[in-house]
Amino acid sequence: MLKRRFLLLLATLASLPALAQFRVEVSGVGLTQIPVAIAAFRGEDAAPQKIAAIVQADLERSGQFRAVDASAVSLDEGSRPDVSNWRQKGADALVTGSITRLADGRYDVRMRLWDVVRGQDLGGQSYAVVVGDLRLVAHRVSDFVYEKLTGDKGVFSTRIAYVTKVGPSFNLWVADADGEGAQSALNSAEPIISPSWAPNGSQIAYVSFESRKPVIFVHDVASGKRRLVANFKGSNSAPTWSPDGKTLAVTLSRDGGSQLFLLDATGGEPRRLAQSSAIDTEPVYTADGRSIYFVSDRGGAPQIYRMPATGGNAERVTFTGTYNISPSVSADGKWLAYISRVSGVFKLHVMDLATGATTAITDTTADENPSFSPNSRLVIYATHQAGREALMTSTLDGKIKARLAGQKGDIREPDWGPMQK
Amino acid sequence: MNRLIWAAAIAILLSACGSAVKLDDVPVEDKAGTSVSKTDGKDGAGVGQRAVTGVALDNAQSTAAMMATNRTVYFDYDSFAIRPEFQSVIEAHAKFIKADKSRKVAIEGHTDERGGREYNLALGQKRAEAVRRAMGVLGVAESQIEAVSFGKEKPAVLGSTEAAMEKNRRAEISYR
């Protein structure tokens, strides 16, 4: 049995009432977690963001770290910690730091990471930023720690897109990877589905029903300007970007049936990617741009297939069950996440593409729309919990899950953005 | 006789919809599509200020319940077959549309809430196209009909009961 515990980011919530869209709840314990102590940053009592708490929540959510109590210590990046004392507390690593308000109103944030097993200084960082970027700085600290201790790139400073429905109102949001700092990109009285980040992280393609039919927009995140790229006769849906950002693969019914087409990201005349007499939809590129995974019911029931990105023969990928949809491929090309109907309920599955072995990694029953983190270590997905639509992240083994729980309304259609430059 | 009643009912429905609903400009016959233009759509911006023009379902619901029933075709679970009892609904509308070549109609396909949003969009499209084909067989020009799908995004009835889901597996004939 997994132990269950809840982490409430009370400090964060208290300091950020207007932006606190989410609460992170971590449940489950992994087997190979690195015990890390994160001391309160000197000066953060008087600062608008509690850096240490944000870093701790980030690291715990990743599933690869376990927090060791570091309360009631007074350390900063210049301190030489008593490593034997931290070893005794069970920590392998220690994060120290400080936050200082500068004369020009910006904040100077400094941090240092210690390997307390070896008594080694693993390096430090400093950032001078405006108050609005303090959360981003905390996520960058998390990325630094994560990369030093695991060897993998962290994804804490990436962004996610998702859709909320509150009463009759739909909103497309862009938020930090921990769900905080959400900003509305679009508000609509009609549904919005299938947001998809461009590889450059500056645009999102999505499907809007505002003109009483599904059409595809490409939306510039910074400016809010958007462009209608597909409004052909019938339905226009399921946009996804090629890794070079030049092409959108989409589903159009302009010639009858739901079929796959390629479209220049700037618009123009669509080119048919495949032709079948069945439903073909939900295309997604592999990171190398060579293949496209998609869903088709050409065999009588929806299954996931793979074909060359230039079109051609499709080979079936899923063989278990009669309803397998919503494929997402990890950036390292090793994993396929998808939704499978098992005994009448919809569950997130992860397939090891090398062996074809699949695992259901949730205990929920209405999972939807998985999307990998850009370092291929986590998957974000929508599900129903306690009668509400909510977003969860999970490690690929399903052992560590965090709920990004909104304060109100239904939260759905997550898409994890690319690594920030 | 029956035919006259239908025609009258549809005429009332049409006038009710036509006057109450301001539709966004969606050209039905535009197969090529003007994919990129500088003027299309309103840009999104800050929070909540840019509510796009919605076409409230309430407008349709405020017309007589009979009218609503008479332009909806219901489907069995996982099925796109038009049940015999709805053939007369389709025939009545087909006759009405054929009578005036300037009439445009959208067939809007819907599904129940089970399963993924995009796959349900494709399933709803199949339902809409089944009704479109049935109208085509009755001689309605393709240029007058557009089959579109809302998937599971616009349920007619909220709730997860079988009764609610039956009401949501449907295609609505919608004049534009």
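The model is predicted, so local features require pLDDT of at least 70 and side-chain atom pairs count only at pLDDT 80 or more, whereas totals for chains, interfaces and linings use all residues. Residues are numbered from 1 along each chain as its sequence is written, chains are lettered from A and ligands numbered from 1 in the order in which they are written, and side-chain values use heavy atoms, with hydrogens and water left out.

Chain A contains four helices and 30 strands, where helices (H or I, at least four residues) and strands (E, at least two) are DSSP runs numbered from the N terminus. Its C-alpha atoms fill a box of roughly 70 × 45 × 40 Å along the principal axes. The radius of gyration of chain A is 22 Å, which agrees with the value near 22 Å for a compact globule of 421 residues; this radius is taken over C-alpha atoms, and the globule rule is 2.2 Å times the number of residues to the power 0.38. Of the 421 residues in chain A, 61% are buried (under 20% relative accessible area, with a 1.4 Å probe and protein chains only; exposed means over 50%, and partly exposed lies in between). Contacts are defined by heavy atoms within 4.5 Å. Among contacts in chain A between residues at least 6 apart in sequence, 42% join residues at least 24 apart.

Chain B comprises six helices and four strands, arranged from the N terminus as α-α-α-β-α-β-α-β-α-β. Buried residues account for 47% of its 176 residues. Among contacts in chain B between residues at least 6 apart in sequence, 76% join residues at least 24 apart.

The largest nonpolar core has 27 residues, of which A:Phe41, A:Leu59, A:Val95, A:Met111 and A:Val141 touch the most other members. Such a core is a set of buried Ala, Val, Leu, Ile, Met, Phe, Trp, Tyr and Cys residues joined through side-chain atoms within 4.5 Å. Elements of chain A that give two or more residues to this core include helix H2 (51–61), strand E4 (93–101) and helix H4 (134–150). H4(A) supplies the largest share, seven residues. Leaving aside neighbours within four places in sequence, A:Leu59 is in contact with residues including A:Val36, A:Ile38, A:Val145 and A:Phe156. Apart from this core lies another, of 26 residues, among them A:Ile304, A:Val317, A:Ala337 and A:Ile361.
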